[in-house]
Amino acid sequence: MTTTMRFAALFLSAGLTAGLVANLMLFQPKTVGADKRIAQSSRAPVAATARAGGSVVAAKLPEAVQPVRAPGQDVMSAARAIEITRSVQVALKTKGYSPGPADGVPGLMTRAAMMAFEYDNGLDLSGDVTSKRLEMLVYGVPANLQHRSARESLDVGPIAKDVIRTVQGSLKTAGYNIGIVDGGLSLRTARAIAEFEADQGLSETGRISGLLMAKLVSLASQGKLALQN
């Protein structure tokens with residue numbers, strides 16, 4: 001092989017090598033920049049926490065390792081609860097109970113009105129605002145769910161107990177003999193409620209109701225009794 005041919009072969013080999021290197025660099029994933037960004041995103045929450053004087057242990061994890069949540073799940077659940085509560089309030093008012101304004105907030109008046117509906121229909125006292133109670137308000141209470149009308153046969157749920165305790169404590173501060181503040185709708189508590197209703201010009205029912213709660217709240221705002229929470 002002549003000198004000229006050797007130079008040509010050497011030049012061709014160098015060109016092929018350079019082309020191969022260029023192709024590898026062109027098509028290889030750019031992991032260096034990505035790794036750098038991941039490292040920076042991992043350090044950023046820690047640095048921010050340190051600047052705020054917080055604990056590095058409590059720093060927020062990078063977005064890539066955060067628990068997966070359905071978009072807007074919490075917002076949708078809250079909106080649904082408000083919608084159900086507002087519908088229950090409207091239905092209670094339509095049936096002659098007094099749940100207060102249809103604002104979507106299950107306050108004391110709304111829960112007391114629900115308890116009055118439950119009591120009148122022989123349901124266990126829950127005071128809760130649910131889609132099942134809304135269905136009963138709209139379509140009626142199934143006969144198989146109704147208990148005897150005697151209050152002693154009705155179970156009292158935790159929310160209803162809290163409402164009853166509020167009524168018992170408030171009436172006790174006003175001088176009525178309700179017995180023990182225990183969240184139970186005893187005969188003595190029923191008598192005290194009936195006495196209070198008579199004194200305030202209300203129909204004597206002896207049960208928890210929206211009207212009863214509204215009157216207690218009104219007197220408490222006037223400083224005439226202490227509303228117990």
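**Briefing: a predicted model of helices**

Thr 94 is found in helix H3, which covers residues 73-94. The model in which this residue sits is a predicted one. The chain holds 8 helices and 0 strands, and its elements, read from the N terminus, run α-α-α-α-α-α-α-α. Of its 229 residues, 30% count as buried. Among contacts in the chain with a separation of 6 or more, 42% are between residues 24 or more positions apart.

- Thr 94 is exposed, because its relative accessible area of 66% is over the 50% cut-off.
- Thr 94 and Leu 137 are 43 residues apart along the chain, and their C-alpha atoms are separated by 9.5 Å.

**Helix H4 with helix H8**

- Helix H4 spans residues 108-120 and helix H8 spans residues 210-221; their axes come within 7 Å and cross at roughly 150°.
- H4 and H8 are therefore roughly antiparallel to each other, since angles over 145 degrees are placed in that class.
- On the H4 side, the residues that meet H8 are Leu 108, Met 109, Ala 112 and Ala 113. On the H8 side, Gly 210, Met 213 and Ala 214 take part.
- By class, this contact of H4 with H8 has 6 nonpolar residues, 1 polar residue and no charged residues.

**Helix H4 with helix H6**

- H4 also packs with H6, at an angle of about 110° and with the axes 10 Å apart.
- H4 and H6 are therefore roughly perpendicular to each other, as the range for that class is 65 to 115 degrees.
- Leu 108, Arg 111, Ala 112 and Met 115 in H4 meet Ile 159, Ala 160, Val 163, Ile 164 and Thr 166 in H6.
- The contact of H4 with H6 has, by class, 7 nonpolar, 1 polar and 1 charged residues.
- Leu 108 and Ala 112 of H4 are among the residues that meet H8, and both are also among those that meet H6.

**Gln 168 in helix H6**

- Gln 168 lies in helix H6, which covers residues 158-173.
- Gln 168 is buried, because its relative accessible area is 0% and the cut-off for that class is under 20%.
- Leaving aside neighbours within four places in sequence, Gln 168 is in contact with Ile 178, Ile 180, Val 181, Asp 182, Gly 183, Gly 184 and Thr 189.

**Lys 215 in helix H8**

- Lys 215 is found in helix H8.
- Lys 215 counts as partly exposed, because its relative accessibility of 26% falls between the 20% and 50% cut-offs.
- With neighbours within four places in sequence left aside, Lys 215 is in contact with Phe 196, Gln 200 and Leu 202.

**The largest pocket**

- The largest pocket holds about 180 Å³ of space.
- It is lined by 14 residues, of which Gly 96, Thr 205, Arg 207, Ser 209 and Leu 211 are the closest to its centre.
- H4 and H8 are the elements that give two or more residues to the lining of the largest pocket. H8 gives the most, with 3 residues.
- By class, the lining of the largest pocket has 6 nonpolar, 6 polar and 2 charged residues.

Definitions and conventions: Residues numbered from 1 in each chain as written. Predicted model: local features only at pLDDT ≥ 70, side-chain atom pairs only at ≥ 80, totals over all residues. Heavy atoms only, no water. Axes fitted to C-alpha atoms, helices over the stretch in contact; angles between N-to-C directions. Helix = DSSP H or I, 4+ residues; strand = E, 2+ residues; numbered from the N terminus. Parallel < 35°, antiparallel > 145°, perpendicular 65-115°, else oblique. Contact = heavy atoms within 4.5 Å. Nonpolar A, V, L, I, M, F, W, Y, C, P; charged D, E, K, R; others polar. Buried < 20%, exposed > 50% of the residue type's maximum accessible area, 1.4 Å probe, protein only. 1 Å grid on protein atoms, 1.4 Å probe; cavity = no way out; pocket = protein on both sides within 12 Å on 5 of 7 lines; lining within 4 Å. Points joined across faces, edges and corners; volume = space filled by probe spheres on them.
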